[in-house]
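Please look over the sequence and the structure below before reading on. The paragraphs after it walk through the fold by topic.

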Amino acid sequence: MNLIQALQASPALFVTIAGLVGLLVGSFLNVVIHRLPKMMERDWQMQCAELTASKVPDEAPYNLFTPRSACPHCNHKIGALENIPVISYLLLHGKCKGCRASISIRYPIIETVSGALSAFAAWHFGFGLAALAAILFVWALISLTCIDLDTQLLPDCITLPLLWLGLLFNLSNTFTGISNAVVGAISGYLVLWAVYWMFKLFTGKEGMGFGDFKLLAAIGAWLGWQMLPLVILLSSVVGAAVGITLIVAVKHGRDIPIPFGPYLAGGSLIALFWGAQLTQNYLQLFSAP
């Protein structure tokens with residue numbers, strides 16, 4: 001019996017392996033979340049230098065793999081045994097091995113969330129293409145959520161491939177038909193595009209970024225246009241509740257923007273796992289005599 005046959009025969013084994021892989025990928029997602037915005041900033045600086053005929057700064061290579069991860073306080077290079085998801089954080093008591101500076105709790109949280117959601121997707125969909133696609137979707141949304149919270153950016157290098165991947169997976173009706181996916185991508189973009197311009201027309205301000213349009217387009221490509229009302233409703237309700245709470249409880253200024261990407265991501269995950277059931281219950285509620 002090969003590995004694929006073993007995973008098909010044992011749902012528990014499949015869920016366990018998905019969770020472990022999710023933990024490992026979660027460690028890499030921490031790198032993506034930290035480095036990708038810095039890589040984008042470097043790229044913008046180089047483009048500006050080229051446009052202004054300025055000297056392009058000669059900097060050391062910086063990408064997702066180079067240089068090695070190191071402590072920002074003492075530059076201690078993180079070894080393999082210090083980079084085991086969650087376990088290393090617990091063994092080191094949340095402190096750098098070199099200088100004992102505190103390590104952010106966010107690192108093990110992201111690893112744990114990635115592992116847990118990967119295992120849940122494997123359990124929910126069972127062994128097959130849908131589980132693989134759902135896990136990839138989850139990883140992308142985790143990255144986008146954290147980057148948006150940190151920088152209020154939703155990088156094109158994640159949102160656009162995510163859109164095309166959604167269409168690709170739905171060629172085989174993984175989550176919806178390809179026609180529904182195409183209409184979903186178009187509708188997702190145009191809905192927030194229209195909201196953006198209406199808000200700007202009436203207030204003179206920008207209510208959201210273009211990255212939100214692209215993210216909802218990607219979500220539409222994955223889940224189909226039928227799920228977009230549910231995603232938008234869930235995102236708006238949670239976003240409004242959080243925004244009001246921040247303004248009232250922690251005196252968050254009304255002029256300080258609140259990223260919308262995390263709420264879109266949360267709404268899309270709920271729709272991914274329970275969207276059909278929620279929609280059916282909603283329709284039954286209003287169709288009952």
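This is a predicted model: local features need pLDDT of at least 70, side-chain atom pairs count only at pLDDT 80 or more; totals for chains, interfaces and linings use all residues.

Residues are numbered from 1 along each chain as its sequence is written, and side-chain values use heavy atoms, with hydrogens and water left out.

In soluble globular proteins, nonpolar side chains tend to be buried together. A nonpolar core here is a set of buried Ala, Val, Leu, Ile, Met, Phe, Trp, Tyr and Cys residues joined through side-chain atoms within 4.5 Å. Buried means under 20% relative accessible area, exposed means over 50%, and partly exposed lies in between (1.4 Å probe, protein chains only). The largest nonpolar core has 57 residues, and Phe137, Leu162, Leu215, Ile219 and Leu223 have the most contacts inside it. At least two residues of this core come from each of helix 2, helix 4 (106-125), helix 5, helix 6, helix 7, helix 8 (210-223), helix 9 (228-249) and helix 10 (261-287). Helices are DSSP runs of H or I with at least four residues, numbered from the N terminus. The most is given by helix 5, with 13 residues.

Helix 5 has 17 of its 23 residues buried. The expected span of a helix is 1.5 Å times one less than its number of residues. For helix 5 (residues 129-151) this gives 33 Å, and its end C-alpha atoms are 33 Å apart, so the two agree. Gln152 follows helix 5 and has a positive phi, near 60°. Setting aside residues up to four places away in sequence, Phe137 touches Leu162, Ile219, Trp222, Ser268, Leu269 and Leu272; contact means heavy atoms within 4.5 Å.

Next come the aromatic rings. Rings of Phe, Tyr and Trp (its six-membered ring) pair if their centres lie within 6.5 Å; planes under 30 degrees apart count as stacked, over 60 as edge-to-face and the rest as tilted. By this rule there are 17 aromatic pairs. The pair of Phe120 and Trp123 is tilted because the planes are at 40°, with the ring centres 5.6 Å apart. Both residues lie in helix 4, three residues apart, about one turn of the helix. Phe120 is partly exposed at 25% relative accessibility, whereas Trp123 is exposed at 58%. Phe125 and Phe175 form an edge-to-face pair, 5.6 Å centre to centre with 70° between the planes. This pair links distant parts of the chain, with Phe125 in helix 4 and Phe175 in the loop between helix 6 and helix 7, 50 residues apart. Ring pairs also link residues into a cluster, among them Phe137, Phe169, Trp222 and Trp274.

How many disulfides does the structure hold? There are zero, a disulfide being a pair of cysteine sulfur atoms within 2.5 Å. The sulfur of Cys96 has its closest cysteine sulfur in Cys71, at 3.6 Å, which is too far for a bond. For Cys146, the nearest cysteine sulfur is that of Cys157, 15 Å away.

Some backbone details remain. Thr66 and Pro67 are joined by a cis peptide bond, with omega about -5°. Pro67 is in the loop between helix 2 (11-51) and helix 3 (87-91). Val86, also found in the loop between helix 2 and helix 3, has a positive phi of about 65° although it is not a glycine.
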